[in-house]
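Hello,

Here is the structure I promised to pass on. Have a look at it first, and then read my notes below.

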Amino acid sequence: IEANDELVIVDQHAAHERVLYHEYTTKFQNKEGTALLFPITVALPSAQAVATLIAHQDFFADQGITFSQTGPQHLTIHASPPRLREGALDGLLIDTADFIAAHQALEPTFLRKKLNEHVHSHLACKMAVRAGDRLTVAAMTQLIQTLLETPERFMCIHGRPTMMPISKAELEKKFKRRT
C-alpha cells in the first residue's frame with residue numbers, strides 16, 4: 001500500500017493472524033462451535049493425552065470445540081470453530097495436550113489464562129489467510145483497515161513484522177536516483 005511518502009509492504013498472513021488473535025482475546029468469552037456434519041476422529045499419541053484433554057473439556061467447549069472419547073487414544077470431534085482449516089484440529093489438540101502437561105504445575109486460574117493465550121494464538125495462525133492466498137481488493141482493504149485499528153499491529157503473535165515501510169528516499173537511493 002502507499003501511505004504518505006512510503007511504500008508499505010504487508011505480510012497478509014501475519015496481519016490477519018494479529019487481527020484474529022486480537023478478536024479472540026478481546027471479543028469472545030465463549031465461542032460458538034459449528035456442529036460437524038461428519039465428526040472427525042483424532043488419534044492422540046497416548047491415553048494420557050486423551051485423559052488430559054477430557055479433564056479440560058469445559059475449556060474446549062468455551063472455545064467452540066466439543067469432543068468425546070471413543071477409544072483409549074481416540075477422540076471424536078463433534079463441533080469446531082468455524083473456518084478452521086482441515087487438519088488443524090488434530091494439531092491443536094495434540095499441541096494443547098502437550099502444553100497442558102508441560103504447565104500442569106501452574107495455579108489453575110493462571111493455567112487457564114495461559115491456555116487461552118496458547119489456543120487463541122494457535123487458532124489465529126491456522127485460520128489466517130496464507131502468504132500465497134489471493135485476496136480480492138475488497139478483502140485486502142478490509143484487512144488493512146482492521147489491522148490499523150488493532151493494538152500491537154506491527155507484529156504478529158510470533159514476533160514477525162506485519163508490515164514494512166520503505167520511504168521514497170530509500171527507494172530512490174536503492175535505484176541510484178539519490179546518493
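Glu-152 sits in the loop between α6 (137-148) and β6 (163-167); helices here are DSSP runs of H or I with at least four residues, strands are runs of E with at least two, and both are numbered from the N terminus. Its phi is near 55°, a positive value in a residue other than glycine. Most residues other than glycine have a negative phi. At 60% relative accessibility, Glu-152 counts as exposed (exposed means over 50% relative accessible area, buried under 20%, and partly exposed in between, with a 1.4 Å probe and protein chains only).

Asn-4 also has a positive phi, of about 55°, although it is not a glycine. You will find Asn-4 in the loop between β1 (2-3) and β2 (6-10), and its relative accessibility of 79% makes it exposed.

Before you read on, please note that this is a predicted model, in which local features need pLDDT of at least 70, side-chain atom pairs count only at pLDDT 80 or more, and totals for chains, interfaces and linings use all residues. Residues are numbered from 1 along each chain as its sequence is written, and side-chain values use heavy atoms, with hydrogens and water left out.

Now to the helices. Helix α4 (residues 88-103) packs against helix α5 (residues 108-127) at an angle of about 155°, and their axes are 11 Å apart (axes are lines fitted to C-alpha atoms, for helices over the stretch in contact, and angles run from 0 to 180 degrees between N-to-C directions). That makes the two helices, α4 and α5, roughly antiparallel (angles over 145 degrees count as roughly antiparallel, under 35 as roughly parallel, 65 to 115 as roughly perpendicular and the rest as oblique). On the α4 side, the contact residues include Leu-92, Thr-96 and Phe-99, and on the α5 side they include Leu-115, His-118 and Val-119 (contact means heavy atoms within 4.5 Å). By type, the residues of this α4 and α5 contact are eight nonpolar, five polar and three charged (Ala, Val, Leu, Ile, Met, Phe, Trp, Tyr, Cys and Pro count as nonpolar, Asp, Glu, Lys and Arg as charged, and the others, Gly among them, as polar).

Two residues of this contact deserve a look. Thr-96 of helix α4 is buried at 0% relative accessibility. Leaving aside neighbours within four places in sequence, Thr-96 is in contact with Phe-60, Leu-115, His-118 and Val-119. Val-119 of helix α5 is likewise buried, at 0%, and touches Phe-59, Gln-63, Leu-92 and Thr-96, not counting residues up to four places away in sequence.

Helix α2 (residues 47-55) also packs on α4, at about 85° with the axes 9 Å apart. That makes α2 roughly perpendicular to α4. Here Ala-49, Thr-52 and Leu-53 of α2 meet Leu-93, Ala-97 and Ile-100 of α4.

Last, the aromatic rings: Phe-59, Phe-60 and Phe-67 form one aromatic cluster (rings of Phe, Tyr and Trp, with its six-membered ring, pair if their centres lie within 6.5 Å; planes under 30 degrees apart count as stacked, over 60 as edge-to-face and the rest as tilted). The ring centres of Phe-59 and Phe-60 are 5.4 Å apart with planes at 80°, so this pair is edge-to-face. For Phe-60 and Phe-67, the centres are 5.5 Å apart and the planes at 65°, so that pair is edge-to-face. Phe-59 is buried, with a relative accessible area of 1%, and both Phe-60 and Phe-67 are buried.

Best wishes
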